[in-house]
Amino acid sequence: MTRLYVHPLAVRIWHWINALGFVALIVTGVQIRYVDLINWMTFATAVSVHNAVGWVLIGNYFVWLLFYVFTDRIRVYHPDLNPARQWRDSLRQLAYYGYGIFKGAANPHRPAVLRKFNPVQGVIYQLVMMLLVPLQFYTGVLLWDLDRFAGSVEFFGGVRVVANVHVLLFVFFVAFILVHPYLASLGHSPSAHFRAMITGHEEIEDEADAQGATPLAASATARQPAGHSPSG
């Protein structure tokens, strides 16, 4: 078993602030959206907490962005510049997720310090972190003060359009938060990736060990990192 230090302290702090913050936004967002059906807290409390956590996460996002942009670690999000190889490796990874993992096959992706994401993860996380998260924050800011940002709201089609985009992204992130723990459990043990996001070290099974495992054992031990947090 090889141990790789793939999650620097700054990334781990960002990850857990982001994870807990998004859970708080989801809980308060549900209360705000369904005020007549749910009574977890008062509407005023939900709005105040939602707004405060939102601003914290916006600041946290820029910490993440600056860290990755000004270090070589931004490369972990870069897809293979060879389209044919990127497509081939992505299909192999999807085949592993959809079939191979249930047959005890080894993960085709071998993680490295600057290649912690497999080809599918890299594309998805880049889309999430560079487009969907900023769009969620932007629509949230517009809804935070409709008077101040009235011009921008009207430019994008009015309050209904902005609110619907915000809610649709909310639904996506709810699904992401629900699926993420499952994907994170697909290491050589169910808790391996969770420990890695605390210690910073991923435990990578050696190829010889993976190839020598029985199909039943391999299904529990031959899996490599399959999920990390809205990113990081």
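1. In α3, Gln86, Asp89, Ser90, Gln93, Leu94 and Tyr97 meet Pro119, Val120, Gln121 and Val123 of α4; contact means heavy atoms within 4.5 Å. These contact residues divide into 5 nonpolar, 4 polar and 1 charged (Ala, Val, Leu, Ile, Met, Phe, Trp, Tyr, Cys and Pro count as nonpolar, Asp, Glu, Lys and Arg as charged, the others, Gly among them, as polar).

2. This is a predicted model: local features need pLDDT of at least 70, side-chain atom pairs count only at pLDDT 80 or more, and totals for chains, interfaces and linings use all residues. Residues are numbered from 1 along each chain as its sequence is written, and side-chain values use heavy atoms, with hydrogens and water left out.

3. Helix α3 (residues 83-98) and helix α4 (residues 119-144) pack at about 100 degrees, their axes 7 Å apart. Axes are lines fitted to C-alpha atoms, for helices over the stretch in contact, and angles run from 0 to 180 degrees between N-to-C directions. The two helices are therefore roughly perpendicular (65 to 115 degrees).

4. Helix α6 (residues 159-184) bends by about 25 degrees at leucine 178, and proline 181 follows within four residues. The bend is the angle between axes fitted to the seven residues ending there and the seven starting there.

5. Among the buried residues of α6 are His166, Phe170, Phe173 and His180; buried means under 20% relative accessible area (1.4 Å probe, protein chains only). Their cover includes α1 (9-33), α2 (43-69), α4, α5 (150-155) and α7 (192-199).

6. The protein chain has 9 helices and 2 strands, these being DSSP runs (helices H or I, at least four residues; strands E, at least two) numbered from the N terminus.

Note on methods: Parallel < 35°, antiparallel > 145°, perpendicular 65-115°, else oblique. Buried < 20%, exposed > 50% of the residue type's maximum accessible area, 1.4 Å probe, protein only.
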